[in-house]
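Biologist: I'd like to learn how to read a few features in a structure. Could you walk me through some?

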Amino acid sequence: MKLKFLAAPAAALLLAGSVAGCSGASAKSKTVEASAQNGHLTIGISFDRPGLGIKSPDGTFKGFDVDVARYVASKLGVQESSITWKEATPAQRESLIQNGQVDYVVNTYSINDARKEKVAFAGPYFLAGQSLLVRADNTDITGPESLNGGKKLCSVTGSTPAQNIKKNYSKDAQLQEYDTPSACVEALKSGAVDAMTTDDIQLAGYAAANPGKVKLVGKTFSKENYGIGLKKDDTSGRAKINDAIQSMIDDGSWAKAFQSNIGPSGYALPAKPVIDRY
Amino acid sequence: MDILNEYGDQLFAAFLTTLQLTMLSALGSLLLGTMLTAMRVSPVWALRTLATGYVNIVRNTPLTLVVLFASFGLAQQLGITLADPKSPTSITDSSFRLAVLAFSLYTATFVSEALRAGVNTVPLGQSEAARSLGLGFLQGLRYIVLPQAFRAVIAPLGSILIALTKNTTVASVIGVAEAALLMKEMIENTSALIVVGLIFGAGFMCLTIPTGAAFGHLSKKFEVKR
């Protein structure tokens, strides 16, 4: 009878294991090029980040990430009408790619070593850095150091910027974490927090969406290289996407995409990224 | 195994917060739930209506909304933060207390419904006998009806406690540093979705399976034999 207690967790573990097994089996599916030759691409983006990837009420998608994704798709020979956009939240990105549910992900995806073990990165297509967003009338916060003295800072739950602040800057600052960045923007506007932090381009997107209410301050205090994530073993797909990014930078579409999506925030065009063909 | 070594201390701290959230909310919801039940079986029409309305509205509202309302509605818009805004840890304290408040308000409705079912198991003759002894409504409830009602619903209360334990993961949406928040952080850092998921699944089973066993045992032990 005692064994009954053990049976339930054991069954649950077996179930979870078999789910993992299934996802592993389907991982050996198509490459980006194979999908493109079939004339159809599924691309992971975010649906709720103004300036980067946002779903409009009419069902169209706008933003810098979306423009990059579109440009790359067109270089692979796929028309916009043949793209399926799929929401890829930060926690899901690796599994969506590994399971073959998306062909590639363009969603403020910082290239780092832990992720390189799971997926491959083309790019970087953008060089971002962590920064601060404050209310437009605020004058006493100028950078991460001026957060000391019990200032209230908001960031996304469990995200890299939140961890960086906790580790390196928040000795005296208080950290409020919310599930979504838009919650932080609301808290900032209502005065519940004094500043919010994440990568500068994302903050600039919010500044562009809330003109006159919030502004970016200070220099960036980290380096994030945004890459396009795809299957780890898809070497030729990565090379193709790298070529597409290079041509986007060279023919001026890159700067144009930046200006039309992020420009209204007053955030200056940053340096062009150098593609890392590792 | 590297993950367990690296995050061992943090895992312990996060599950401790989960446990604290659960315990405090369990206490709060038991008190409020008992009060709601008393109101619902009371002879006063206004109290009955009020309690019924509260239970039906809150029970049918998604928990995430209740928790978000505590943070956005109470703390940000109305300025009810439950912590000294000048204190150096006001955000952490405030988020934790608001979460306990939200969980208590929400879970109390389920406790109340379970307990009301328990009251229904007590034969009508019991309260008639109480009245004939000269006990008032509250005295009859306290000494005769509720003790029997509680003994009848120990097992369902255990289920509610288990549900509450798992529901505390919602607190991460307002930044309470409990298990689900650490889980998000670990997934962000390690990209090991399945391993991390299994660790937290196992962690929650360590909390909930003993709870279920204990309540099952207690319900047998305190059963009212009729």
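This is a predicted model: local features need pLDDT of at least 70, side-chain atom pairs count only at pLDDT 80 or more; totals for chains, interfaces and linings use all residues.

Biologist: How do the axes of helix 3 and helix 10 of chain A cross?

Modeller: In general, two packed helices are described by the angle between their axes and the distance between the axes. Here, the axes of helix 3 (residues 64–75) and helix 10 (residues 253–261) of chain A come within 9 Å and cross at roughly 150°. That makes helix 3 of chain A roughly antiparallel to helix 10 of chain A. The crossing of helix 3 of chain A past helix 10 of chain A is right-handed.

Biologist: And how many salt bridges are there over all chains?

Modeller: Side chains of opposite charge can pair when their charged atoms come close. Searching the whole structure gives 12 salt bridges over all chains. One of them joins A:Lys240 and A:Glu33 at 2.9 Å, N to O. A:Lys240 lies in helix 9 of chain A and A:Glu33 in helix 2 of chain A, so this pair ties together parts 207 residues apart in sequence.

Biologist: What about B:Glu113 and B:Arg116?

Modeller: Their side chains meet in a salt bridge of 3.2 Å, N to O. B:Glu113 and B:Arg116 are separated by about one helical turn, because they are 3 residues apart in helix 4 of chain B. Salt bridges that share partners join B:Arg40, B:Arg59, B:Glu113 and B:Arg116 into one network.

Biologist: Which residues form the nonpolar patch on the surface?

Modeller: B:Leu78, B:Ile80, B:Leu82, B:Leu101 and B:Leu105 do, with about 400 Å² of accessible area together. B:Leu101, found in helix 4 of chain B, is partly exposed at a relative accessible area of 31%.

Terms used. Residues are numbered from 1 along each chain as its sequence is written. Chains are lettered from A and ligands numbered from 1 in the order in which they are written. Side-chain values use heavy atoms; hydrogens and water are left out. Patches are made of residues with over 30% relative accessible area and no salt bridge: like charges are joined within 9 Å, nonpolar side chains (Val, Leu, Ile, Met, Phe, Trp, Tyr) within 5 Å. Accessible areas come from the Shrake-Rupley method with a 1.4 Å probe; for residues, only the protein chains shown count as cover. A salt bridge is a side-chain nitrogen of Lys or Arg within 4 Å of a carboxyl oxygen of Asp or Glu. Helices (H or I, at least four residues) and strands (E, at least two) are DSSP runs, numbered from the N terminus. Buried means under 20% relative accessible area, exposed over 50%, partly exposed in between (1.4 Å probe, protein chains only). Axes are lines fitted to C-alpha atoms, for helices over the stretch in contact, and angles run from 0 to 180 degrees between N-to-C directions. Angles under 35 degrees count as roughly parallel, over 145 as roughly antiparallel, 65 to 115 as roughly perpendicular and the rest as oblique. A crossing is left-handed if the near helix is turned anticlockwise from the far one by less than a right angle, and right-handed if clockwise.
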